[in-house]
Amino acid sequence: MLTYTYDGTLEGLLCCIFVIYECHEVPDEIVEESQLQFSFDQQLRTIETRLDQADRVWRGIGRRIGSGAQLKIRGVFLASDPQKATKLCRWVLKGFKVGKRIYADITSEVGEPVEALYRRVAREQNQMVQFARFEQKENGVWFARIKPEHSVVPLIMDHFAARFNIQPFIIYDERHHLAGIYDRQQWYLAQTGELNLPEDSAEEIRYQELWRTFYDAIAIKERFNPKLRQNLLPKRFWGNMTELQHI
Amino acid sequence: MDVNEKLEILTDAAKYDVACTSSGVDRASRPGMLGSASCAGICHSFAADGRCISLLKVLMTNECIYDCAYCTNRASNDRPRASFTPQELADLTIGFYRRNYIEGLFLSSGVSHSPDHATEQMCEAIMLLRETYRFRGYIHAKAIPGASPELVERLGLLVDRLSVNIELPSERSLKLLAPNKARRAILGPMAQIRDGVAQTKALARYKGAPRFAPAGQSTQMIVGATPETDHQILNLSSALYRSYDLRRVFFSAYIPVGTSEFLPQGKPAPLAREHRLYQADWLMRMYGFSVDEIVDEAHPDLDPLIDPKCQWALRHLDFFPIEVNTATLEELMRVPGIGTFGARKIVRARRAARLSYDDLKLLKIVARRAQYFITCGGKYRAGLRFDGAEIYRALTSTLSLPRRQRLDPGVTQPGLFDFDALLPVEARKALTGQF
Ligand code: SF4
């Protein structure tokens with residue numbers, strides 16, 4: 001069994017594809033170095049990340065399949081699935097063969113897993129746009145803490161940076177330790193485990209209380225339906241939502 | 001009274017209004033201005049009753065000089081009363097919006113002093129938002145029957161959606177229960193809004209022309225408070241769509257808040273009925289069904305046990321079974337269990353390969369219902385018989401349905417939420433009963 005290991009970046013994965021073409025071999029799986037588990041029948045090959053190679057593959061994908069494929073790969077790569085690299089690699093190889101027709105392939109053993117991951121990431125991207133909650137800090141910065149399954153911060157920054165362009169903000173993904181930072185000019189990402197947060201502003205506490213008042217008052221008691229609520233708004237989001245934290 | 005107390009009273013007074021969608025208009029953000037609007041709508045939370053929360057839904061005031069029997073704010077009802085000042089309301093909206101609690105504001109009002117006075121207060125609050133705070137989020141306002149056309153015009157130029165409640169499904173019921181509201185007073189502003197919206201569209205070519213309620217108008221009626229059949233209700237709503245160019249007609253299953261002898265007392269009207277009406281409404285708007293295909297004089301009410309599309313299919317068995325590999329998109333959409341979304345997926349996937357039953361499963365088509373109405377590669381699913389009575393029995397048998405789908409009208413709640421504001425996929429699923 002042939003296993004490629006890569007550094008866990010998208011560029012690294014693209015280099016795996018580069019090597020596949022260069023060496024005319026197809027690995028059985030592609031695994032992130034840090035997650036590698038040894039087994040006896042394994043033949044290992046460590047793929048080095050080189051930006052020039054990654055770039056060539058990336059442009060190749062754009063040319064031979066299309067920019068839609070690049071978008072899809074970007075999204076799927078944010079999924080937290082240890083097999084995402086293997087799945088994406090197969091998908092790209094097939095895409096190089098069949099071109100745009102790969103878009104319609106959502107049922108084959110190559111197409112379906114990628115489509116499924118893509119949908120899960122897209123779904124969570126939506127959920128974060130819906131459910132992220134910002135708090136105003138003393139220094140005037142707005143802060144949102146989220147805990148998504150997949151690392152979707154890069155996918156939601158455009159939305160918030162446009163909508164809240166008058167306020168500097170940070171969205172912090174506490175699962176992947178990734179912060180999206182918007183400084184009223186542009187946004188960027190920072191990987192960090194440490195956060196030094198200022199206190200909440202005086203207004204903040206008042207607005208949180210008002211919001212809870214609204215939330216409790218808007219429900220119709222005669223129609224109480226906690227199960228339906230939970231289906232639509234899974235419990236795993238509640239911890240970071242002002243109105244649900246205390247339920 | 002502090003703002004928190006007011007908010008509690010004025011939310012409580014507004015909560016029976018069903019519409020809470022933020023959909024219908026796309027407005028990109030602009031540097032230096034707060035907010036944007038997205039056409040599909042975004043919902044930000046779900047309340048304990050399972051309804052989506054997309055907008056800050058409150059009344060300007062719950063003081064009311066009218067006495068509509070079905071309304072909790074009627075003059076004769078002994079309730080705590082409160083009013084926001086325009087400034088308080090604008091601050092609340094902005095404070096909530098910046099925290100990503102809401103998409104915007106849904107503002108309605110009781111008739112304090114006079115319809116004009118109430119409308120002026122609303123205008124003032126919304127002016128503050130739009131002009132002082134330069135707010136680009138979504139605003140939906142309710143026009144108050146009896147307000148002067150000039151004020152309705154002013155309001156319409158400030159908001160995304162303006163609507164008037166038709167309240168009850170027939171003029172007779174309206175006379176009985178809302179003696180202060182003539183049908184004319186409701187249809188008048190409705191027509192005015194329709195014309196305003198149409199004018200805006202015609203002018204939209206000129207940059208900077210003021211836009212009148214670009215997300216159009218919707219309306220709402222209470223069902224289950226008065227004796228109208230589903231047939232009457234759907235006929236009315238389809239007439240409203242046609243003559244007033246409405247975006248949505250909302251139905252609200254009556255919750256007993258009134259004491260009038262003409263109103264049912266005790267238990268709330270079953271949500272199952274409201275749910276079926278939404279499904280029927282969806283079929284009419286999205287699938288091109290006509291009212292008479294769904295209900296008619298002979299079957300004036302929707303069957304609570306199966307969804308309206310199944311009901312139609314069972315009455316038109318000659319149309320089925322259809323072959324999924326060759327049927328047109330329109331034909332696929334008429335199959336129970338296959339929604340618009342599912343039909344598109346099928347059409348897309350079959351370009352790559354001929355589809356089998358297993359592929360349908362991969363595409364997440366709910367074969368449970370669809371299987372009775374389709375063939376796949378020329379084969380009807382083994383073990384099934386193509387027979388109307390048999391299919392009806394199979395579809396209504398609680399054992400063949402997953403638990404969430406079992407419908408015991410009046411007992412289980414199939415879900416009261418705002419379909420427009422859900423994720424599109426889910427909205428479609430919910431409305432075709434595929435959830
Ligand atoms: S006018 Fe409106 S608020 Fe007043 S009683 Fe009638 S429905 Fe209620």
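Author: Let us start with handedness: a crossing is left-handed if the near helix is turned anticlockwise from the far one by less than a right angle, and right-handed if clockwise. The crossing of H4(A) and H5(A) is left-handed. Before we go on, please note that this is a predicted model, in which local features need pLDDT of at least 70 and side-chain atom pairs count only at pLDDT 80 or more, while totals for chains, interfaces and linings use all residues. Residues are numbered from 1 along each chain as its sequence is written, and chains are lettered from A and ligands numbered from 1 in the order in which they are written.

Reader: What makes H4(A) and H5(A) oblique to each other?

Author: Helices (H or I, at least four residues) and strands (E, at least two) are DSSP runs, numbered from the N terminus. Helix H4 of chain A covers residues 84–98 and helix H5 of chain A residues 111–131; they pack at an angle of about 125°, with axes 9 Å apart. Axes are lines fitted to C-alpha atoms, for helices over the stretch in contact, and angles run from 0 to 180 degrees between N-to-C directions. Angles under 35 degrees count as roughly parallel, over 145 as roughly antiparallel, 65 to 115 as roughly perpendicular and the rest as oblique. The angle of about 125° falls in the rest, so H4(A) and H5(A) are oblique.

Reader: Which residues of H4(A) and H5(A) meet, and how do you know their classes?

Author: Lys84(A), Lys87(A), Leu88(A) and Trp91(A) of H4(A) meet Pro113(A), Val114(A) and Leu117(A) of H5(A). Being in contact requires C-beta atoms, placed from the backbone, within 7 Å. For the classes, Ala, Val, Leu, Ile, Met, Phe, Trp, Tyr, Cys and Pro count as nonpolar, Asp, Glu, Lys and Arg as charged, and the others, Gly among them, as polar. This contact of H4(A) with H5(A) therefore has five nonpolar, no polar and two charged residues.

Reader: Why is H7(B) called oblique to H8(B)?

Author: Helix H7 (residues 230–244) and helix H8 (residues 271–286) of chain B pack at about 40°, with their axes 11 Å apart. That angle makes H7(B) oblique to H8(B). H7(B) passes H8(B) in a right-handed crossing. The contact involves Asp230(B), Ile233(B), Leu234(B), Ser237(B) and Ser238(B) on H7(B), and Leu277(B), Ala280(B), Asp281(B) and Met284(B) on H8(B). By class, it has five nonpolar, two polar and two charged residues.

Reader: What makes Glu167(B) buried?

Author: A residue is buried if 20 or more other C-beta atoms lie within 10 Å of its own, exposed if 12 or fewer, and partly exposed in between. Glu167(B) has 23 other C-beta atoms within 10 Å, so it is buried. Glu167(B) lies in the loop between strand S6 (161–163) and helix H5 (171–177) of chain B, and it has a positive phi of about 70° although it is not a glycine.

Reader: Why is Arg184(A) called partly exposed?

Author: Arg184(A) has 14 other C-beta atoms within 10 Å, so it is partly exposed. Its place is in the loop between strand S7 (178–182) and strand S8 (187–191) of chain A. Arg184(A) has a positive phi of about 80°, although it is not a glycine.

Reader: Which residues are around the ligand?

Author: They are Cys64(B), Tyr66(B), Cys68(B), Cys71(B), Asn73(B), Arg74(B), Gly110(B) and Val111(B). A residue is near a molecule or strand if its C-beta atom lies within 6 Å of it. The shell divides into five nonpolar, two polar and one charged.

Reader: How many residues of chain A are in contact with chain B?

Author: 41 residues of chain A are in contact with 47 residues of chain B. H7(A) gives the most to the side of chain A that touches chain B, with nine residues. That side divides into 23 nonpolar, seven polar and 11 charged residues.

Notes
Two residues are in contact if their C-beta atoms, placed from the backbone, lie within 7 Å.
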